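Let's take a short tour of a protein model together. Keep the structure open as you read, and look up each residue as it comes.

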Amino acid sequence: MRKTEPTERKVSRRWPLISGSAAIALVAVLAALVHFRPRAPFAFDQEWLAELVEHRSPFWDAPALFMNSLGGGVVGVVIVPLVTIVVLLLFRRPWAAGYYGITVAVSAALVQLLKVFVARARPSDMLVPSDFGSFPSGHVANAATIAVVLALVFPAVWVWIAGGCYTIIMMLSRTYLGVHWLSDTIGGLLLGAGIAVIIWAPVASRLLEERRRPHRLIWQR
């Protein structure tokens, strides 16, 4: 067991830093393209939005509006993170709770900084009101951050699948509602996932040790 620990620590730091940095670099390139090119959206952005607008119906409106509320506002920014942190603390996972809280906060802060820098206008055909700043999608960045964090804290296949489905559905809902271009959601996905794995690198060993302990509630002896 002692012989394998250094290898686990080495791997847990190298690949997240490389892959996370690559994701952030792609976000930077995409942000630069959006900012310095003419303000018109990419062709694939226009085609994707036109396709979704054509298929709008009350049947799809309901789940899209639900995802809008779940991924942003008081629910997505305050309630969901606080509940998640409390649950992790109840199960004696302080490192996981701290990792989750810091990652969500850093991801949200970088989203706002990029929105100010890029200053991209949102699509004109929006179904819900939104503030200025289309790139990147904060809802998608938040979804990707949560999905990757929970999958790294609870490394099970079903957690990865559930997180991936949740993020993809969030991407679809943001473009369906017309509040983001497709490239905005791609930027949010890369940003949220990249930040999650980069911040995971220095605490990976602590999280591994914490995960190996018996899972008991805080009031259980």
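Val111 is buried, with a relative accessible area of 3% (buried means under 20% relative accessible area, exposed over 50%, partly exposed in between, with a 1.4 Å probe and protein chains only). This is a predicted model, in which local features need pLDDT of at least 70 and side-chain atom pairs count only at pLDDT 80 or more, while totals for chains, interfaces and linings use all residues. Residues are numbered from 1 along each chain as its sequence is written, and side-chain values use heavy atoms, with hydrogens and water left out.

You will find Val111 in helix H5 (residues 94-118); helices are DSSP runs of H or I with at least four residues, numbered from the N terminus. Leaving aside residues up to four places away in sequence, Val111 touches Pro136, Gly138, Ala141 and Leu191, where contact means heavy atoms within 4.5 Å. Pro136 lies 25 residues from Val111 in sequence, yet their C-alpha atoms are 6.3 Å apart.

Now turn to helix H3.

| Face of H3 | Residues |
|---|---|
| Buried | Ala64, Met67, Asn68 and Gly71 |
| Exposed, turned away from the buried side | Pro58, Phe59 and Phe66 |

The buried residues of H3 line one face of the helix, because they fall within an arc of 105° seen down its axis; the arc is that of the directions from the helix axis to the C-beta atoms. These buried residues pack against helix H4 (73-90), helix H6 (138-153) and helix H7 (157-176). Just after H3, Gly73 takes a positive phi of about 65°.

Notes
Helix = DSSP H or I, 4+ residues; strand = E, 2+ residues; numbered from the N terminus.
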